[in-house]
Amino acid sequence: MKRFILTFCALLMGASLFAQADLQVLAVVKLNNNESITLKKLKTRVEAYQKQTGAALSVDDRKKVLDALIQEELVAQAAIKSGMTIPDSTIEEYFLKSVSQQIGRRVTQQQFEELVQKQEKMTIDEYMKKQAGMSYSEYKNYMKNQLLSQNYIVAQSKSELEKVAPTDEEIRGYYELNKTNFVQPDMMKMFLVIIPKGNDAAAAKAKAEKLYSDLKDKKASTTQILKDSKTENSGYQAGDVFINKNELSAKQLGISLQDLLALFANSSDYVSPLSERETSYQFYSVIKKYEGKMLTLSDLVQPETTRTVYDFIKDTVGQQKKMQFLQMEAQKIAQSLDKSANVDRKKTGKELEKLLAW
């Protein structure tokens, strides 16, 4: 028993030493307030980069990540010192917008967490750690610094930034290099009606049956049902949805690829059977189908919109050029602020290299 206790204590001591090592301060950025960059913080960022690249970073690479963390904190503190702020609600909105774009539909924080729990069997922290190498709170803090820095640099370089724009030659060159990516798959436009069960499933079912029969028997058009859905306390949602014939769309709809192909086999004006889900009743009507094709510069990115492929590339290349410009400006500003008065590097030389060789 004594031997077991000693071994157990040794394990606890080892864990404690590792934790203490992670809390070692590598640098303190003190331009606006004292912000410590610990070994743990560096490890978190290194892990995030390794997730992105799929390769381990060398000690020299880790030094560069540390420098990037210092520069990032310098610019963020300069932004705060100038009076800039980013409310937490903005960070939440920015995060959910990004998540919604990836999922393919607008989701709330609760819906995202439930989706992660259902599909990935993970908590939000576990999921973010797997995807980005950071916990949810660490990732939000990272986003906050990024937005602060970006807003500050934009304010500092507004006139120069306005001159950064893609040329016609760059737009056409981008299209030629990425032509095979501009493909419109077979698409379907459907009118989807969702009647939430809420606290009265029987009433929801009665409403669903009435809406369904009205559309099926042509007593009400999709236009009228859509209009009525927007009235207060309508008790249902309705709208047009574009569906692609691919595996991603099947996953987003929660159906098999075989079911998706069967859906596309239906003719225009087809009205699906009324179906019951866990929390709602649903049905849809097929409005129109679009054949897949290669897109040219003058084609619309998506049917029934006004944005062409040319417009899309112009925005994409323009954003890339702006980001490159902002990164260069951020580096310039950070380098001008990286002085001993603003940064206290606690670990340097061989001592730093030893800590980075984990």
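Guide: Start with strand β1, residues 25–29, which pairs with β2 in the antiparallel sense over four bridges. Strands are DSSP runs of E of at least two residues and helices runs of H or I of at least four, numbered from the N terminus; two strands pair if DSSP finds at least two bridges between them. The model is predicted, so to speak of a local feature requires pLDDT of at least 70 and side-chain atom pairs count only at pLDDT 80 or more, while totals for chains, interfaces and linings use all residues. Residues are numbered from 1 along each chain as its sequence is written, and side-chain values use heavy atoms, without hydrogens or water.

Two of the bridge pairs can be picked out by residue. Val 25 has Thr 38 of β2 as its bridge partner, and Val 28 is bridged to Ser 36, also in β2. Five residues lie between β1 and β2, and the two strands form a hairpin.

Three strands make up an open, antiparallel sheet, ordered β2-β1-β9. Strands β2 (35–38) and β9 (343–345) are at the edges with a single partner strand each, so one side of each has no neighbour in the sheet. From one strand to the next, the twist averages 20° (axes are lines fitted to C-alpha atoms, for helices over the stretch in contact, with angles from 0 to 180 degrees between N-to-C directions). Helix α3, residues 59–81, packs on this sheet and touches β1, β2 and β9 (contact is heavy atoms within 4.5 Å). The direction of α3 makes about 25° with that of β1.

Now the other sheet. Four strands, in the order β5-β4-β7-β6, form an open sheet with antiparallel pairing. Here β5 (237–244) and β6 (275–276) are the edge strands, each pairing on one side only. Strand β4 (residues 187–196) and strand β7 (residues 280–290) run antiparallel and are joined by ten bridges. Helix α10, residues 201–216, lies across β4 and β7 and runs at about 25° to β7. Helix α11 (residues 222–229) also packs on the sheet, where it touches β4, β5 and β7; the direction of α11 makes about 120° with that of β5.

Last comes the whole chain. The protein chain has 15 helices and nine strands. Its radius of gyration is 27 Å, well over the 21 Å that the globule rule gives for 358 residues, so the chain is more spread out than a compact globule (the radius is taken over C-alpha atoms, and the rule is 2.2 Å times the number of residues to the power 0.38). The C-alpha trace spans about 80 × 70 × 40 Å along the principal axes of the chain.
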